[in-house]
Amino acid sequence: MRKKIVAGNWKMNTTLQEGLALAKGLNEALKDKTPKCDVIVGTPFTHLACVADAIDTNKIGVAAQNCADHEKGAYTGEVSAAMVASTGAKYVILGHSERRQYYGETAEILKTKVNLALANGLTPIFCIGEVLEEREAGKHFDVVDEQIKGSLFDLSAEDFGKIVIAYEPVWAIGTGKTATADQAQEIHAHIRKTIASKYEQTIADNCSILYGGSMNAGNAKELVSKPDVDGGLIGGASLSVENFMPIVEAF
Ligand code: PEP
């Protein structure tokens with residue numbers, strides 16, 4: 001059975017102190033609960049070790065939002081997958097549309113990052129999704145197929161089995177405009193089919209495919225009620241316990 005997952009992506013928000021307070025607040029809110037999904041917080045690099053230290057990591061996983069496309073060495077300002085793993089983080093968000101758009105991350109670069117993440121024991125949460133013009137032109141299925149094939153289809157079946165996918169239509173990120181539950185279901189089912197066309201059906205069936213894009217307390221239940229929507233990658237609504245917890249509790 002594939003995992004249900006709700007993952008926060010804090011992006012470039014919160015000072016260390018604010019981030020620690022948020023993580024501790026979430027830890028407290030989950031203390032006496034057994035959520036029906038895995039809960040993850042994606043913090044800035046600077047917060048990873050402190051957050052991992054301050055929370056019950058059996059209950060809340062910690063994710064970085066990126067890692068370098070080199071193993072180590074003279075890459076000033078970069079943070080390697082090994083460094084991320086050494087903080088206690090178990091996940092890394094890769095291929096977020098903001099990284100693709102603002103930092104020129106190509107399919108090839110992302111392939112390297114995915115390989116380095118896996119080699120260092122991290123679970124990649126690999127983001128894919130189309131921009132508005134592509135959706136309006138009916139190209140969204142082809143776009144996600146290309147993103148998956150371009151960065152993930154050289155993986156062995158064993159390694160592909162470790163990947164979490166986040167379908168995030170770019171037009172829904174931070175806009176307040178969510179894909180309908182039916183739109184999400186349609187493309188998640190398509191993504192699963194694409195995976196099954198390369199790997200075995202069981203690999204596709206076991207792959208968690210999260211939806212991301214203005215998911216919130218009001219729409220989470222309907223989205224995750226769909227059979228191929230296995231959870232969410234949450235930006236804005238992950239920045240407060242009050243907004244994040246109802247999404248965790250949507251399962
Ligand atoms: C995201 O950036 O991954 C995201 C889904 O953001 P938001 O929830 O704010 O749309």
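This note goes through the predicted model in numbered points, from the overall fold to the ligand site and the pockets.

1. Basis of the values. The model is predicted, and local features need pLDDT of at least 70, side-chain atom pairs count only at pLDDT 80 or more, and totals for chains, interfaces and linings use all residues. Residues are numbered from 1 along each chain as its sequence is written, and side-chain values use heavy atoms, with hydrogens and water left out.

2. Overall fold. The chain has 12 helices and 8 strands, where helices (H or I, at least four residues) and strands (E, at least two) are DSSP runs numbered from the N terminus. The radius of gyration is 17 Å, close to the 18 Å that the globule rule gives for 251 residues, so the chain is as compact as a globular protein of that length; the radius is taken over C-alpha atoms, and the rule is 2.2 Å times the number of residues to the power 0.38. The C-alpha trace spans about 45 × 45 × 35 Å along its principal axes.

3. Ligand shell. The ligand is surrounded by 14 residues, the closest being Lys11, His96, Glu168, Gly174 and Ser214, with a residue counted as near if one of its heavy atoms lies within 4 Å. The shell divides into 4 nonpolar, 8 polar and 2 charged residues; Ala, Val, Leu, Ile, Met, Phe, Trp, Tyr, Cys and Pro count as nonpolar, Asp, Glu, Lys and Arg as charged, and the others, Gly among them, as polar.

4. A side-chain N or O atom of His96 is 2.7 Å from an oxygen atom of the ligand, while polar backbone atoms of Gly235 and Gly236 each lie 2.8 Å from a ligand oxygen. The protein covers 95% of the 290 Å² of accessible area that the ligand has on its own, by the Shrake-Rupley method with a 1.4 Å probe.

5. Backbone at two shell residues. Lys11, in the loop between strand S1 (5–9) and helix H1 (16–30), has a positive phi near 55 degrees. Ser214, in the loop between strand S7 (209–212) and helix H11 (220–224), also has a positive phi near 55 degrees. Most residues other than glycine have a negative phi.

6. Largest pocket. The largest pocket has a volume of about 450 Å³, and of its 14 lining residues Lys11, Met12, Gln65, Arg99 and Tyr103 are the closest to its centre. Helix H4 (residues 97–103) gives the largest share of this lining, 4 residues, and the lining as a whole has 6 nonpolar, 5 polar and 3 charged residues. A pocket is an open set of points, on a 1 Å grid over the protein atoms alone, where a 1.4 Å probe fits, with protein on both sides within 12 Å along at least five of seven lines, and lining residues have an atom within 4 Å of a point. Grid points are joined across faces, edges and corners, and a volume is the space filled by probe spheres set on the points.

Notes
Polar contact = N/O pair within 3.5 Å; in protein donor to acceptor, adjacent residues only side chain to side chain.
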